[in-house]
Amino acid sequence: MNSYSSTTISIPYCEDCKFCCHGIPTGVCGYHTLVEIGQGTLPPKICQKFVVYRIHKKFINEAASRWWHCPDSNLLTKMTLVKEDFYEILAIAKTRGRCPLLGQDGCLFPDAKPFNCEIFPFYIEEKDFHIASWCKFIDKLDVRTFESPVKTIIEEYEHYSIKNASRYYELLKNLQKKWQWTVHTFRPF
């Protein structure tokens, strides 16, 4: 399976706001993003903005926690293979500027957007369901309404990631050669 389709959540305020698409945290990219890049869906000027994080296996839980990538089940460990004690993950680097995938009407390439964006402003940490405190609409959202769909999305993404972990590793290596992405070694604080 090359494409990733999942249950989706729709928050009506997001279409107008786009606040979370500025000053983004590290956006972890799954196999679906690599496929979109490999198929030439994203223009070169956007492809050049991705980076690769190299994470020693002893720091992978901290990386998952820092990047809100479901640290309880640590989706980072399920996305790709560990080789010589390191994981390598494609990402949109943390930035104070706007996300390179953001257009005037929202995400230009929704099929390639990082998983963090799929479920934002929600995340799960220490088995608890949370909403990002900086979401401008936190007071207007009934968090309980979104808990079940977000958990379903996470489960679907986890299964998709596990199924494609070896493909992720191989495709990342091939695309890294083509785009010469900068490699950052993840270091805990």
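Pocket lining first, sorted by class: I get 23 nonpolar, 9 polar and 7 charged residues around the largest pocket. This is a predicted model, so I keep in mind that totals for linings use all residues.

Next I looked up the volume. The largest pocket holds about 970 Å³ of space. Its lining runs to 39 residues, and I noted the ones closest to the centre: Cys107, Lys113, Cys117, Glu118 and Phe120.

Which elements supply at least two residues each to that lining? I found helix H1 (14-17), strand S5 (106-107), helix H6 (115-119) and strand S6 (122-125). H6 gives the largest share, with 4 residues.

Then I moved on to the helix pair. I checked helix H2 (residues 31-38) against helix H8 (residues 165-179): the axes sit 10 Å apart, and the packing angle is about 40°. Since angles under 35 degrees count as roughly parallel and 65 to 115 as roughly perpendicular, that angle makes H2 oblique to H8. I also logged the handedness, and the H2 and H8 crossing is left-handed.

Who makes the contact? From H2 I listed Tyr31, Leu34, Val35, Ile37 and Gly38. On the H8 side I wrote down Arg167, Tyr168, Leu171, Leu172, Leu175 and Trp179. Sorted by class, the contact of H2 with H8 comes to 9 nonpolar, 1 polar and 1 charged residues.

Notes: Residues are numbered from 1 along each chain as its sequence is written. This is a predicted model: local features need pLDDT of at least 70, side-chain atom pairs count only at pLDDT 80 or more; totals for chains, interfaces and linings use all residues. Side-chain values use heavy atoms; hydrogens and water are left out. Axes are lines fitted to C-alpha atoms, for helices over the stretch in contact, and angles run from 0 to 180 degrees between N-to-C directions. Angles under 35 degrees count as roughly parallel, over 145 as roughly antiparallel, 65 to 115 as roughly perpendicular and the rest as oblique. A crossing is left-handed if the near helix is turned anticlockwise from the far one by less than a right angle, and right-handed if clockwise. Contact means heavy atoms within 4.5 Å. Ala, Val, Leu, Ile, Met, Phe, Trp, Tyr, Cys and Pro count as nonpolar, Asp, Glu, Lys and Arg as charged, and the others, Gly among them, as polar. On a 1 Å grid over the protein atoms alone, a cavity is a set of points where a 1.4 Å probe fits but cannot get out, and a pocket is an open set with protein on both sides within 12 Å along at least five of seven lines; lining residues have an atom within 4 Å of a point. Grid points are joined across faces, edges and corners, and a volume is the space filled by probe spheres set on the points.
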